[in-house]
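Trainee: I've just opened this one and could use a guide. Can we go through it together?

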Amino acid sequence: MVKDRMVELLQEHFELNLYEARAYVALVGFGVLTPAELASVSEVPAPRTYDVLRSLEKKGFAISQPGKVNKYRPVHPENILEKFIEEWQERVKEELEAKKKAKEELLELMNPLIETEIPKYGVERVWVVRGIRNATLKTKEMFETVQEKLLLADDGYIAVNLEKDIIAAVDRGVKAQILVAENLLPRLKTSKLMDYAKKGKIELKVLDKFELPMLICDDEVFFALEDMAARYFNYETQIWIKDFRVRALFEAKFNEYWEKAKKA
């Protein structure tokens, strides 16, 4: 119903609760209502009408007319909704600035901890990473720290979604070889990766399919364990290893794929 949709939109986007939204829709429909009248024409329970109308007035959605029995009328939707959006934009700006300042302060406070990361955690060579969000963060971290060589065999995610991070690494002087599954090629046709390949800044090849997607950055290796159900629910288990011997094994497999692939 139209009324239900209006109530839903007011709840979702204009910070009114269920009873407030119902009351405001009723006020817009009837013009002027007393608390008792509101209870009779809407689904707001009678014991709640006074509180709900006062709350609407406080939020700027209604105006009261004092008297023996208070009457309420709605503020015109066009006026209050636009005002709400303007105030929301200002609030978001302030919150964004506050978050930026908090980030800077946290980084400053955490710097002493970050500086001790190598002696504390440098012995750890294997990590399990679960979920697409965590995997993305780890991949971006690898792109940010790689210094010499980047090898990527990608069958569906990294080259398309983390193009800027790959480009940034290449612009720092990192040598990149990228192998993509053939079904990804149409999505890369207009990408900057393709431009860089044409200019010789990266090597880009295509293979119809391969069974072991991987990312190698210097001595770091990142790959997913095969689990179709986990992939469907974006909760793949991925393994990060930092060991030159493991890197050599994966690089040999990458080179096998590379020899079979054709230039993009």
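Trainee: How many Å separate the centres of domain 1 and domain 2?
Mentor: Keep in mind that we're looking at a predicted model. Domain 1 covers 1–75, and domain 2 covers 126–263. Taking the centres over C-alpha atoms, the separation comes to 56 Å.

Trainee: Which feature does UniProt place at residues 10–78?
Mentor: That span is 54% helix and 12% strand, and its end C-alpha atoms lie 13 Å apart. The name comes from an unreviewed UniProt entry: "domain: Transcription regulator TrmB N-terminal".

Trainee: Is L109 buried or exposed?
Mentor: L109 sits in helix α5, which spans residues 77–115. The cut-off for exposed is over 50% relative accessible area. L109 has 56% relative accessibility, so it counts as exposed.

Trainee: Which strands stand at the edges of the open sheet?
Mentor: Eight strands make up this mixed sheet, in the order β3-β9-β8-β7-β4-β5-β6-β10. An edge strand here has a single partner, so one side of it is left without a neighbour in the sheet.

Trainee: What is the bridge partner of A153 in β7?
Mentor: Start with the two strands: β4 (residues 149–154) and β7 (residues 214–217) run antiparallel. Four bridges join β4 to β7. For A153, the partner in β7 is M214.

Definitions and conventions: Residues are numbered from 1 along each chain as its sequence is written. This is a predicted model: local features need pLDDT of at least 70, side-chain atom pairs count only at pLDDT 80 or more; totals for chains, interfaces and linings use all residues. Side-chain values use heavy atoms; hydrogens and water are left out. Buried means under 20% relative accessible area, exposed over 50%, partly exposed in between (1.4 Å probe, protein chains only). Domain bounds come from an automatic or database domain assignment. Two strands pair if DSSP finds at least two bridges between them. UniProt positions are given in the numbering used here, feature names are shortened, and annotations may be inferred rather than shown by experiment.
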